[in-house]
Amino acid sequence: MLIPTVALNDDNLMPQLGFGVFQVPDDGAHRAVAVALEAGYRSIDTAAIYGNEAGVGRAVAESGLRRDDLFITTKLWVDGLSRDGVRPGLEASLEKLGLESVDLYLIHWPAPASDNYLRAWESMEEIREAGLARSIGVSNFLPDHLRRIVDLGGTVPAVNQVELHPALQNRETIAANDDYGIATEAWSPLGQGAALADPAVTEIAEAYGVTPAQVVLAWHLRQGRIVIPKSVTPARIAENLGATAVDLQDRDLDVLDGLDRGMRTGPDPKSFNG
């Protein structure tokens with residue numbers, strides 16, 4: 001199955017549909033990533049704080065796939081937000097993953113109380129120049145956080161990964177991403193499953209003869225967003241890939257756009273400090 005790609009602002013290409021392992025234990029991540037790679041996923045998203053980088057790395061190593069055919073993302077936790085914390089954080093992740101470099105390295109949260117993300121960003125640029133990460137970006141950054149990074153006058157983040165699903169559409173952040181040429185990546189793209197029971201979603205799914213998850217993922221894809229759904233169920237892992245073949249009409253997009261309720265499933269980046 002052909003997965004579309006998104007051209008990042010540094011000219012690297014990222015698969016638009018990837019596989020996430022948030023809240024999956026290490027052994028479970030090993031099994032789930034193995035299933036995902038067998039099903040056809042080539043982009044895997046993990047993070048230091050998830051505690052499953054080693055499991056992800058084992059699955060990657062056992063897959064037999066060429067490294068150049070994979071896109072691996074991990075993230076720097078807030079305890080590494082300092083001028084000297086970025087490289088050790090990434091090197092620890094690389095050791096667990098069993099890799100020499102990652103395709104995308106993200107600052108996981110801005111942690112505004114410490115205000116250290118600006119100093120950390122300078123080190124993010126250095127690890128990219130050193131070849132330890134092909135692309136660098138951020139996660140859970142609000143428009144003001146992005147503006148301050150861009151105002152440094154250096155590298156603009158390639159990606160901003162944020163909570164984004166029908167009930168939380170984060171329009172101001174998406175607009176800021178677009179203004180700066182930053183790709184929007186949705187974590188919790190299904191709202192931790194809540195979106196799948198919405199009558200508007202199930203009605204569209206029935207009309208197309210597809211699953212509610214495929215409808216919501218297709219909604220993200222049609223609007224150019226990168227998505228990283230998570231599942232540990234083999235059938236659902238494979239099923240989610242089918243979203244790339246769902247051709248929603250504009251009227252369907254309008255219905256899903258109207259489901260925004262400002263409902264977060266995770267922390268608020270304005271106040272979360274780890």
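1. **Basis.** This is a predicted model, in which local features need pLDDT of at least 70 and side-chain atom pairs count only at pLDDT 80 or more, while totals for chains, interfaces and linings use all residues. Residues are numbered from 1 along each chain as its sequence is written, and side-chain values use heavy atoms, with hydrogens and water left out.

2. **Salt bridges overall.** Side chains of opposite charge can pair when their charged atoms come close. The whole structure holds 14 salt bridges. The criterion is a side-chain nitrogen of Lys or Arg within 4 Å of a carboxyl oxygen of Asp or Glu. Three of these pairs are taken up below.

3. **R58 with D26.** R58 and D26 form a salt bridge, at 3.3 Å from N to O. R58 belongs to helix 2 (residues 53-63) and D26 to helix 1 (residues 26-39), so this pair ties together parts 32 residues apart in sequence. Helices (H or I, at least four residues) and strands (E, at least two) are DSSP runs, numbered from the N terminus. R58 is partly exposed, at 31% relative accessibility. D26 is also partly exposed, with a relative accessible area of 22%. Here buried means under 20% relative accessible area, exposed means over 50%, and partly exposed lies in between (1.4 Å probe, protein chains only).

4. **Two pairs within helices.** E91 and R87 meet in a salt bridge at 3.0 Å, N to O. Both sit in helix 3 (residues 86-97), four residues apart, or about one turn of the helix. E91 is partly exposed at 39% relative accessible area, and R87 is partly exposed at 41%. D144 and R147 pair in a salt bridge at 2.5 Å, N to O. Both lie in helix 5 (residues 143-150), three residues apart, again about one turn of the helix. D144 is partly exposed, with a relative accessible area of 42%. R147 is partly exposed at 36% relative accessibility.

5. **H30 on helix 1.** H30 lies in helix 1. Which residues does H30 contact, leaving aside its neighbours within four places in sequence? They are G55, R58, A59 and E62. Contact means heavy atoms within 4.5 Å. H30 and V56 are 26 residues apart in sequence, yet their C-alpha atoms are 5.3 Å apart in space.

6. **Helix 2.** The buried residues in helix 2 include E53, G55, V56, G57, A59 and V60. The buried residues of helix 2 pack against helix 1, strand 4 (43-45), strand 5 (71-76) and helix 3. Just after helix 2, G64 takes a positive phi of about 75°.

7. **Helix 7 on helix 10.** Two packed helices are described by the angle between their axes and the distance between the axes. Axes are lines fitted to C-alpha atoms, for helices over the stretch in contact, and angles run from 0 to 180 degrees between N-to-C directions. Helix 7 (residues 199-208) and helix 10 (residues 250-257) pack at about 160°, with axes 10 Å apart. The two are therefore roughly antiparallel. Angles under 35 degrees count as roughly parallel, over 145 as roughly antiparallel, 65 to 115 as roughly perpendicular and the rest as oblique. A200, V201, I204 and Y208 of helix 7 make the contact with D252, V255 and L256 of helix 10. By class, these residues are six nonpolar, no polar and one charged. Nonpolar covers Ala, Val, Leu, Ile, Met, Phe, Trp, Tyr, Cys and Pro; charged covers Asp, Glu, Lys and Arg; the others, Gly among them, are polar.

8. **Helix 8 on helix 10.** Helix 8 (residues 212-222) packs on helix 10 at an angle of about 105°, with axes 11 Å apart. This pair is therefore roughly perpendicular. The contact is made by V215, W219 and R222 of helix 8 and D250, L253, L256 and D257 of helix 10. Four of these residues are nonpolar, none polar and three charged.

9. **Helix 7 on helix 8.** The axes of helix 7 and helix 8 come within 8 Å and cross at roughly 100°. These helices are therefore roughly perpendicular. Helix 7 contributes V201, T202, I204 and A205, and helix 8 contributes P212, V215 and V216. The contact has six nonpolar, one polar and no charged residues.
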